[in-house]
Amino acid sequence: MKSSAVVIRVHYLLLICSVMLPGCAEGFSTSGARSASSNSKSTSSSSATSLLSVKSGVSNNNLRKSAAFVGNKSRTKTMAYIDHNGGVPSSSSSKSVDVQQQQQQSCSGTYFAGDVEDDILAAYDKRGMPWTESIRDDGSPLLYMPYWKFQINFMKENLSNLRVIPTGDHSYKESSDGKARIFNMCFQSDEYRKIRMTYYDVGHDCQVFNSLWYPNTSRGDLPVLGIDLLSFNGRKRNLAVVDFQPVCDQMKNDDNSKLHFEKRLAFIRRKYKSLQGKMSKRFYDETQFFSKQMLFAKYDQEGIFDVCKDLFPAYQDYVREHLRMVQKSSESIADDSYVLERQRAYDNYSAERDPATAMFNKMFGKKWADDFVFNFLFSLSDAPEMIDN
């Protein structure tokens, strides 16, 4: 009876910590707590589990449906036609098409009933998303699943005419040894040409949440919202990047010529001391496709608490501010085709330098990794010739 009470208290504390500091729950886990949990009676364990299940909203299909869509407005079902590149057909090798035509012409895509909640649940049910435990049996937490859940709900509640873009064979991949998996979703709305979300799970070895928000080209040459959260080697190495990534030509700015959106970002960034680090030049040139108000932190286990208490609210602030910026830019004098070409330049730059390519190559093979990076992660990029081995 005494041990049962201890277990309930331990689980209750972990639940509170997970609510206060998403992505940091592992920092409060102790071997004693795990030991107490293993020695507890099944009744107390199931009680604690039910508390956590209610929080996560994924204990079963009905609970997932009710928890995942709380507070969403009802939407009218419409028929939508969306191609795999988020509205940009890949009918030629150069991927160069007229922007106005591409929104009207038929291309290789999928017709479906555009009820976003049904489409999300259909994608979730195929792969058990949102996951509640890692693919590896090592007790590792899914550090960035709260970020995934927040983003899904934020998009459904705030974007106009949100719909799911079919991802085909890129929706899910599992390594041959069953030790790694990756899940992807893409969306489109009146505000955004494409929003991609990726979660990569390799247990303690690696946890990654990555997302890119491409504004609709009719809104002008607005920056892409880039989110990259990574943890390696049992949280010994961690990286967090959230940025409004400029696509306009005027990317190199002197002190007297700031990009217009950076002033508002500077006010937000000032609140989060732990996210004011500076990016190295190992993979990227910070003067290209990066703003001066990037949220950046590279940290080890000692820095987990300081960064995590800032990261989740800072990420939310940047997501909200990006949508505010896009919504205010309803009219643009910039040519759609010019904006699309700048987004294409961004994809090419990112695909050629993304360090994740080597990681995917090792886990899933070079052919799949190259196709995934060039044709999905950065789908406007000019993919190299794919050679069958």
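Trainee: At roughly what angle do the axes of α7 and α9 cross?

Mentor: Before the answer, two points on what you are looking at. This is a predicted model, where local features need pLDDT of at least 70, side-chain atom pairs count only at pLDDT 80 or more, and totals for chains, interfaces and linings use all residues. Residues are numbered from 1 along each chain as its sequence is written, and side-chain values use heavy atoms, with hydrogens and water left out.

Now the angle. Axes are lines fitted to C-alpha atoms, for helices over the stretch in contact, and angles run from 0 to 180 degrees between N-to-C directions. The axes of α7 and α9 cross at roughly 25° and come within 11 Å. Angles under 35 degrees count as roughly parallel, over 145 as roughly antiparallel, 65 to 115 as roughly perpendicular and the rest as oblique. α7 and α9 are therefore roughly parallel to each other.

Trainee: Which residues of α7 and α9 meet?

Mentor: Contact means heavy atoms within 4.5 Å. From α7 come P146, Y147, F150, Q151, F154 and N158, and from α9 come L311, F312, Y315, Q316, V319, R320, L323 and Q327. As for spacing, an α-helix has 3.6 residues a turn, so residues three or four places apart point the same way.

To sort residues by type, Ala, Val, Leu, Ile, Met, Phe, Trp, Tyr, Cys and Pro count as nonpolar, Asp, Glu, Lys and Arg as charged, and the others, Gly among them, as polar. The contact of α7 with α9 has nine nonpolar residues, four polar and one charged.

Trainee: How many helices and strands are there in the protein?

Mentor: Helices (H or I, at least four residues) and strands (E, at least two) are DSSP runs, numbered from the N terminus. The protein has twelve helices and ten strands.

Trainee: How are α6 and α7 arranged: roughly parallel or roughly antiparallel?

Mentor: Start with the angle again. Helix α6 (residues 116-127) and helix α7 (residues 145-158) have axes 11 Å apart and pack at about 155°. That makes α6 roughly antiparallel to α7. The contact is made by V116, E117, I120 and Y124 of α6 and W148, I152 and K156 of α7. By type, this contact divides into five nonpolar residues, no polar and two charged.

Trainee: Which relation holds between α11 and α12?

Mentor: The axes of helix α11 (residues 356-364) and helix α12 (residues 366-377) come within 7 Å and cross at roughly 140°. The two helices are therefore oblique to each other. On the α11 side the contact includes T357, F360, N361 and F364, and on the α12 side residues such as W368, F372 and L377 are among them. The residues of this contact are seven nonpolar, two polar and two charged.

Trainee: Which residues of α12 are buried?

Mentor: Buried means under 20% relative accessible area, exposed over 50%, and partly exposed in between (1.4 Å probe, protein chains only). In α12 the buried residues are W368, A369, D370, F372, V373, F374, F376 and L377. They pack against β4 (172-174), β5 (181-188), β6 (192-201), β7 (206-215), α10 (336-353) and α11. For the protein as a whole, 50% of its 389 residues count as buried.

Trainee: Is K278 buried or exposed?

Mentor: K278 is exposed, since its relative accessible area is 62%. K278 sits in the loop between α8 (262-269) and β10 (295-299). For comparison, P313 belongs to helix α9 (residues 304-328) and counts as partly exposed at 26% relative accessibility.

Trainee: What is phi of N161 near?

Mentor: The general idea comes first: most residues other than glycine have a negative phi, and most peptide bonds are trans. N161 has a phi near 55°, a positive value in a residue other than glycine. N161 is in the loop between α7 and β3 (163-165), and with a relative accessible area of 40% it is partly exposed.

N233 also has a positive phi, of about 50°, although it is not a glycine. N233 lies in the loop between β8 (224-232) and β9 (237-245).

Trainee: Which residues does a cis peptide bond join?

Mentor: A cis peptide bond joins M129 and P130, with omega about -10°. P130 is in the loop between α6 and α7.
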